[in-house]
Structure formats: C-alpha cells, structure tokens
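Subject: Structure for you to look at

Hello,

Here is the structure I promised to pass on. Please open it and keep it beside you as you read.

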Amino acid sequence: MIFYYLFNILVTNPIIEWIIHYSMHKYNIDFHKQHHLEVHKNQTEKEYYFLLIIPILYYTNYISLCIGAFNYVLTHSCIHFLPKYVDIELLEHHITHHKRPNYNFAVSSVFPDILFDTRYYKDIE
C-alpha cells in the first residue's frame, strides 16, 4: 500500500497537476490568468480555493489526490512566498514559467515537463 501512495505522490499527481495547469493555459482560464498578472505586478495572492478542494478530496476518500493537492499548494506557496525553502531547480523552473507561460507547467516536479516536452531549458534571463 505504501508503494501505491508513493507512486501516486511522486508520479501520478505531478502528471495530473501538469494536465490541469496546461489546460488552464490552453483554455485561457480567467482566475489563472489573473495569477500570472499578479505575479508580474509582484502582488501574488494565496490560493484559498484549495482550502475547499483538499478537505473534499480527503472526505471523499481520494487520499492520494488530497496529498497531491496539498503538495502542490505547499510547493506553489513556497515558490511565491518563501522561495528560500524551495529547491533552486524547482524554483527556477516555475519562475521561468511565469516569464515563458507556454513552458514549465509542472509545479511540484520537473519530470512531467520533460515527459511532455514542455520544459524550457535555457537559463533564467
């Protein structure tokens, strides 16, 4: 059972995260576009809607997705509010996404962007 959860947390959830984030860009979702505008103005807001999503996932017995959503929120929040606590590769990966929004859709891991060929490899400008 532990391998099931580890596989979901380390492999499945980052891929689901990538699909959701990619879809937000492809379909030009307003609240996500707003997040990008806030980052460019250095006025990033916290993602409070996850305070509803995480308990719903937990109480509907989607524990792996609950843990994945929590991991996303924690990682994304640290990237924007406590960057000194984030691995430099992951931090640069996401910051590059805000500079080049057609790349680097994964937040909690880099491998989905490698897998789906959406990783931007050049250094941050």
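Buried means under 20% relative accessible area. Keep in mind that this is a predicted model.

Start with helix H1, residues 2–26. Which residues of H1 are buried? They are Asn8, Asn13, Pro14, Ile15, Glu17, Trp18, His21 and Met24. These buried residues pack against H2, helix H4 (63–81), helix H5 (88–99) and helix H6 (111–115).

Now the shape of H1. The helix has 25 residues. From its first C-alpha to its last it reaches 35 Å, close to the 36 Å expected at 1.5 Å a residue. H1 also bends, by about 40°, at Asn8. Asn8 is one of the buried residues too. After H1 comes Asn28, with a positive phi near 55°.

Next, the neighbour H2, residues 30–40. H1 and H2 pack at an angle of about 90°, and their axes are 8 Å apart. H1 is therefore roughly perpendicular to H2. Which residues make the contact? H1 supplies His21, Met24 and His25. H2 supplies Phe31, His32 and His36. By class, that contact has two nonpolar residues, four polar and no charged ones. His21 and Met24 are also among the buried residues of H1.

Last, look at Asn71 in helix H4. Is Asn71 buried or partly exposed? Its relative accessible area is 27%, so Asn71 is partly exposed. Asn71 and Pro14 are 57 residues apart in sequence. In space they are 9.4 Å apart, C-alpha to C-alpha. Pro14, in H1, is buried.

Best wishes

Definitions and conventions: Residues are numbered from 1 along each chain as its sequence is written. This is a predicted model: local features need pLDDT of at least 70, side-chain atom pairs count only at pLDDT 80 or more; totals for chains, interfaces and linings use all residues. Side-chain values use heavy atoms; hydrogens and water are left out. Axes are lines fitted to C-alpha atoms, for helices over the stretch in contact, and angles run from 0 to 180 degrees between N-to-C directions. Helices (H or I, at least four residues) and strands (E, at least two) are DSSP runs, numbered from the N terminus. Angles under 35 degrees count as roughly parallel, over 145 as roughly antiparallel, 65 to 115 as roughly perpendicular and the rest as oblique. Contact means heavy atoms within 4.5 Å. Ala, Val, Leu, Ile, Met, Phe, Trp, Tyr, Cys and Pro count as nonpolar, Asp, Glu, Lys and Arg as charged, and the others, Gly among them, as polar. The expected span of a helix is 1.5 Å times one less than its number of residues. The bend at a residue is the angle between axes fitted to the seven residues ending there and the seven starting there. Buried means under 20% relative accessible area, exposed over 50%, partly exposed in between (1.4 Å probe, protein chains only).
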